[in-house]
Amino acid sequence: MKLKIAIQKSGRLHEDSIKLLKECGIDINNGVNKLKTEASNFPLEVFFLRDDDIPQYIEDGVADIGIVGENVVLEKQKQVNIVQKLGFGKCRLSMAVEKSFDYTGIQDLHNKRIATSYPVIVGDFLKSNGISAEIHEISGSVEIAPGIGLADAICDLVSSGSTLFMNGLKEVETVLKSEAVLAACHDLQPAQQQLLDKLLFRIQAVRKAKN
Ligand code: ATP
Ligand code: ZN
């Protein structure tokens with residue numbers, strides 16, 4: 001019996017996900033371009049996937065657990081449990097407008113066009129603030145949308161804010177604060193749950209040692 005974990009194949013969470021497993025004493029050899037590997041000293045099978053696909057794999061039980069941004073878990077609306085925050089991949093989902101936009105408050109977004117890769121989270125945010133706006137879903141390079149006349153505002157992931165700055169934008173609202181989390185399938189078999197508990201125990205020890 002093995003525990004199946006999904007982690008990002010490449011991108012911002014890849015290295016830190018592998019590093020966390022290593023710090024937990026789990027040895028995995030991640031050869032380039034591998035889709036799947038096994039740990040040599042823990043009953044763990046590792047799948048390398050696009051982060052967007054991870055919640056679905058967990059909901060379906062193809063993977064038992066996964067490491068993914070909380071922002072992706074919330075956007076995808078899949079049935080998964082967030083069992084542990086991991087302290088890396090920290091970022092925020094923020095509204096930004098062009099520097100010249102005389103922004104005074106959220107009501108300024110009323111009836112505006114907002115470009116984002118997070119239509120669900122942004123839709124909820126606008127609704128809870130009583131704002132109606134047009135959401136344009138785009139999958140990448142959201143920050144260029146205002147400059148090319150596609151949108152009046154954007155909602156995108158930010159960490160330092162330098163990408164926004166370089167594109168002549170300013171951050172005006174924080175919609176969500178996010179970090180990488182360990183997510184798990186709702187109905188794990190008892191054997192898998194035991195392995196998860198063992199892994200969680202190690203993760204918590206690693207995290208405590210860092211604080
Ligand atoms: P994939 O190819 O797996 O779909 P991606 O391009 O969608 O990758 P990345 O840019 O690698 O995703 O980001 C993965 C996650 O890293 C984000 O969902 C978010 O949780 C986190 N993250 C941390 N800081 C940032 C940032 N400044 N910009 C974007 N994502 C960030
Ligand atoms: Zn992605």
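Helices and strands here are DSSP runs, helices of at least four residues and strands of at least two, numbered from the N terminus. The model is a predicted one, and the elements named below follow that numbering.

One part of the structure is an open sheet of 5 strands, in the order E8-E7-E9-E6-E10, with mixed pairing. Strand E8 (134-137) and strand E10 (169-178) form the edges; each has a single partner strand, so one side of each lacks a neighbour in the sheet. From one strand to the next, the twist averages 25°.

Within this sheet, strand E7 and strand E9 (residues 153-158) run parallel and are joined by 3 bridges. Ile 114 has Ala 153 in E9 as its bridge partner.

The loop between strand E6 (91-98) and strand E7 (113-116) contains Asn 111. The backbone of Asn 111 has a positive phi, near 60°, in a residue other than glycine.

Gln 77 lies in the loop between helix H3 (70-76) and strand E5 (80-85). Because Gln 77 has 11 C-beta neighbours inside 10 Å, this residue counts as exposed.

Notes: Residues are numbered from 1 along each chain as its sequence is written. Chains are lettered from A and ligands numbered from 1 in the order in which they are written. This is a predicted model: local features need pLDDT of at least 70, side-chain atom pairs count only at pLDDT 80 or more; totals for chains, interfaces and linings use all residues. A residue is buried if 20 or more other C-beta atoms lie within 10 Å of its own, exposed if 12 or fewer, and partly exposed in between; C-beta atoms are placed from the backbone. Two strands pair if DSSP finds at least two bridges between them. Axes are lines fitted to C-alpha atoms, for helices over the stretch in contact, and angles run from 0 to 180 degrees between N-to-C directions.
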